[in-house]
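I opened this model today to look up a hairpin and a pair of helices. Here are my notes, in the order I made them.

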Amino acid sequence: MTGPQKRESPLAGGQFAGETTEEVLIVGHVGADSKTVATLKAKFALAGHEMTVARNRDGRVICTVSRWGQARSFTHFHDVEEFLRQIGGAA
């Protein structure tokens with residue numbers, strides 16, 4: 001006995017996988033490509049910091065770098081890279 005194929009499985013909305021045409025914005029893919037963002041996050045992690053990326057209601061991208069309850073927010077990726085250099089991370 002075989003189960004339903006992937007395209008035959010219903011989605012939560014009652015549609016089938018082959019019927020969806022909706023595009024979804026991935027949050028990690030804002031302002032720069034996802035590889036650049038992932039690389040910056042990894043470099044901050046190696047330096048003991050956490051970097052998060054979010055989009056404001058007005059559409060601007062905000063990068064926040066935090067450590068020990070203190071945070072700095074940036075609106076440009078070159079500022080994020082400069083801060084990484086300042087804290088001794090490899091940029």
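**Around T64**

I started with T64, which touches E50, M51, T52, A71, R72 and S73, leaving aside residues up to four places away in sequence; contact here means heavy atoms within 4.5 Å. Before going on, I noted that this is a predicted model, where local features need pLDDT of at least 70, side-chain atom pairs count only at pLDDT 80 or more, and totals for chains, interfaces and linings use all residues. Residues are numbered from 1 along each chain as its sequence is written, and side-chain values use heavy atoms, with hydrogens and water left out.

**The hairpin**

I found T64 in strand β2 (strands are DSSP runs of E, at least two residues, and helices are runs of H or I, at least four, numbered from the N terminus). Strand β2 (residues 61-67) runs antiparallel to β3 (residues 70-74), with five bridges between them; pairing takes at least two bridges found by DSSP. Which residue is the bridge partner of R67 in β3? I found Q70. Two residues lie between the strands of this hairpin, and W68 takes a positive phi near 55°.

**The helices**

Next I looked at α1 (residues 34-46) and α2 (residues 77-86), whose contact includes V37 and F44 from α1, and F77 and L84 from α2.
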